[in-house]
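Keep the model open as you read.

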Amino acid sequence: MKMGTTRITTIQMVALLSSALIAVGIFTLPRDLAMKVGTPDLWICVILGGICGYLSSLIIVSLSLRFERLTFFEFNKLIIGKWLGTILSICFIGYALLIGAFEIRSMGELTQFYLLEETPISVILITMYWVAIYLLIGGINPIARLIELLNPICILIFILVFCLGFKVFELDNLRPLFGLGAGPILKGMTPTFLTFSGLEFLLVFIAMMQKPKDAKKVALIGLGIPVFIYLLAVVIITGGLSVERMKHQKWPTFALIQEYEYEGILFERFDSLFLVVWLIQMFTTYVVCQYVAAKGISQLTRISYKKANYVLLAAVYIICLIPQDLNQLEKMGTIIGWTSFAFSFFIPSILLIIAVIRRLKHEAEPQNGP
Amino acid sequence: MKQNRKMVRNFCLCIVSLLCVSGCWDSSDIEDMSFVIGFGIDSSENDQTPIKHTTQIASTKKKGEQGVMPQGKLYQDLTLEGKSIQDILRSISLQLPYPVYTDHLETIIINSETASKYDLSILLDQILRDNVTRLSPLVVLSKQQASDILDTNIEGEIPSSYLSSIFENKTTTLKIAPSVRVGEVSANLSSQASFMLPNVVKQQNVIKVDGAGVIKGKQKKFVGFLTDKEVEGVNWLSEEGKAGLLEFHDEEDNTIVYEVQHYKTKIKPRFKKGRLSFYVQIKAEGWITEDWSRSAHNLAERYVQHLEHLAAKEVERLMKGTMKKLQRDYEADVVGFSESFRIHYPRDFEKMKKDWDDYFADADLNYDVCIKIINTGDVVK
């Protein structure tokens, strides 16, 4: 492979990170928050969750920067030895597959519920897989380029669709602030933090950046965009539906979009538009997950990246059909959330501490060519 | 040889790719679909089939010749009886060849007697669960049979979409009850809050919005009606209206009409030692658009002040009448006082929200109405 084709620019990295973070949470977070918090203060949780996410991403960044040009799969061996490192890597691969499978399954469920009622779910899933594998075979560069292209459009449409919800917005639904004190807000911290799972992929991607020094900036902007989108969603859904209603709606986001209709502008209803954009986001999240897993396998074993992709495709398909119904799928989401907490905060901090104590550092050899 | 094999390969590829070119095999023409515009829910006398459900379908089939306005009705009503709404909807397939689509539903009419017999969340359950039906259709009540209302023959109109457009008139009158979407109904039902649904009546060939019905939060059932005057009071209290008229009389019983341009209502709750009271503060601005009194001096400041005072009194009278009915007869808070209380006393509200209507019924009220006349019209008498 030519030099330069495996590197991604800073902007691509921002798009990649924010795409990986905007996923099924758009649909599930509002209800999770409403159930846990129960007061209109739930939007504060999103901000706090974002701040926590940024702090843990700082740990990840400083860890990755210690080992220039090495991915998580390579440098964990340097820190905690070959055996433990391999086990950790395998866990990380499994975790990435789990997220990928979860996202693609949720996507399938929602598509079936709202759009393609009579299509078997496996057909929806398999078409997605085919498109994904075509993209994945090309390596990181096409993925990054595609996401760079799609991400801004998706974000614009998200903002548009949510802002149109102002038609049914009532400020009173968001009042009072801190009505029942700060207690409920803390309860809401877990679902929000879990929504921002995907941060840990930075452990792999920083090694591929053209300018790894920008990694902190990437973490800030790449996290800031999803936080803003989630914040907007939660604020407008709370204002439009009221907390009480969010608890009883399976997918409050969709309920909000279904509640308003506009006459005279290009579209009267926005559900399909929103779903299309959301599908793109789910797709990119899945692609990123699978890329991480395949990359991990190719770095751990002798299996080539391409072959690993095909093998993983089967694995993801099997994993994603494990949950029998929506409740089990939701449980799977919670498990993922906690694993994410381990991988985005717990493990990086331990690794960082060990690396600092042992004064481990790795410097890349000077690059040849452009 | 090599070329031959290549040709065979290409040929096979072409055949296989034909599978993907399925085109519009799954298409259905818009004429062959039945778009449901309105639902009507009544109860029937038969115990075996307690629900009488009317489905109003827009006629997409052209009747008569092309270019000529279609003769007759623009809609088709199907009234069926059954045990569940979903079953009734599916029974339509027994008599109508075209599949039924509910995603363009505009109005749901519920017979008030049915609404007092059944829990409203049961009646609307199918609509809320369904994945195609949106949450934007309006819900209205009616004293008459919903099937009768849906069968009002208005020239060139479909009754249910006609009805839903009437509610756009809330800028011209305060006597119209604010429209309520299914989504809002479900929100109120799930939080056990009382609310108000507009009432519609059919008089010969006219559909009319007339007052409103009160749904009590705890039972989720219909308890009684409010007249259009009382709805006017509710609009003043809840700030739900946009603008409209206020008719009042001077000492000699001359009618004066004040047109409200915009108004603001502030509810200040007070909760001390278990005693609940509300301070209602209203500020309105508007014009005098009709004055029957002969002694009117439109420009005299004193006269305008006098009118302002009279108008304020009238608003207070309206609100008091409404509150009396709501507190004594129905014990139902449909004016949204619970919202302002929740905002001011969140902790107390957590404990009280279960029996909110009882607290509401015992609450004291103080009014402060300030009416401003900013224009007296184009006439100088």
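The text below takes up a helix pair, a chain contact and a set of strands.

This is a predicted model: local features need pLDDT of at least 70, side-chain atom pairs count only at pLDDT 80 or more, and totals for chains, interfaces and linings use all residues. Residues are numbered from 1 along each chain as its sequence is written, and chains are lettered from A and ligands numbered from 1 in the order in which they are written.

Start in chain A. Helix H1 (residues 10–21) packs against helix H11 (residues 215–241) of chain A at about 40°, with the axes 8 Å apart. Helices here are DSSP runs of H or I, at least four residues, and strands are runs of E, at least two, numbered from the N terminus. Axes are lines fitted to C-alpha atoms, for helices over the stretch in contact, and angles run from 0 to 180 degrees between N-to-C directions.

Now turn to where the chains meet. Chain B gives 15 residues to the contact and chain A gives 17 residues. Contact means C-beta atoms, placed from the backbone, within 7 Å. On the chain B side, helices H8 (182–190), H11 (337–344) and H12 (346–352) each supply at least two residues. H8(B) has the largest share, four residues.

S6 (residues 138–142) and S7 (residues 195–203) pair in the parallel sense over two bridges; pairing needs at least two bridges found by DSSP. Ser142(B) has Val200(B) as its bridge partner in S7(B). S7(B) also pairs with S8 (residues 206–216) of chain B, in the antiparallel sense over eight bridges. Lys202(B) is bridged to Ile207(B) in S8(B). S7(B) and S8(B) form a hairpin with two residues between them, and Gln204(B) in the turn has a positive phi of about 50°.

Technical notes: Two residues are in contact if their C-beta atoms, placed from the backbone, lie within 7 Å.
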